[in-house]
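Hi,

Here is the structure I said I would pass on.

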Amino acid sequence: EGGVGGGDKYSKRFDAMCDEFSSWESGDSLSRAEERNPRLALVLEGCFAGTENPDVVGALKILYMDFGALRLAGDLIFKMMKKLVR
């Protein structure tokens, strides 16, 4: 599903999301998230744990690049987490 030429665009988007996500780990993002929505804070905590494993990040990047439905889900999860930490 990634198609010719789309892979680079999705690769860059995934990397940008990871970079922004990494910036949330410093500071009090998790404690703020726990105050706002403890249930989604567990998702955020799991996301932070996943970023510690390069194999997990690599596998998710491949899925994000190659499968539109998973890319859509990834974008949705990212937006939910972004809203939670802000």
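For what follows, contact (or touching) means heavy atoms within 4.5 Å. This is a predicted model, where local features need pLDDT of at least 70, side-chain atom pairs count only at pLDDT 80 or more, and totals for chains, interfaces and linings use all residues. Residues are numbered from 1 along each chain as its sequence is written, and side-chain values use heavy atoms, with hydrogens and water left out.

Leaving aside residues up to four places away in sequence, Trp24 touches Ser29, Leu44, Phe48, Phe78, Met81, Lys82, Val85 and Arg86. Trp24 and Leu44 also touch the most other members of the largest nonpolar core, which has 15 residues. A core here is a set of buried Ala, Val, Leu, Ile, Met, Phe, Trp, Tyr and Cys residues joined through side-chain atoms within 4.5 Å, buried being under 20% relative accessible area with a 1.4 Å probe, protein chains only. α1 (6-25), α3, α4 (54-66) and α5 each give two or more residues to this core, and the largest share, five residues, is from α1. Helices are DSSP runs (H or I, at least four residues), numbered from the N terminus.

Now the helix packing. α3 (residues 38-51) and α5 (residues 68-85) have axes that come within 10 Å and cross at roughly 115°, so the two are roughly perpendicular (65 to 115 degrees). Axes are lines fitted to C-alpha atoms over the stretch in contact, with angles from 0 to 180 degrees between N-to-C directions. Leu40, Ala41, Val43 and Leu44 of α3 meet Met80, Met81, Leu84 and Val85 of α5.

Cheers

Conventions: Angles under 35 degrees count as roughly parallel, over 145 as roughly antiparallel, 65 to 115 as roughly perpendicular and the rest as oblique. Buried means under 20% relative accessible area, exposed over 50%, partly exposed in between (1.4 Å probe, protein chains only).
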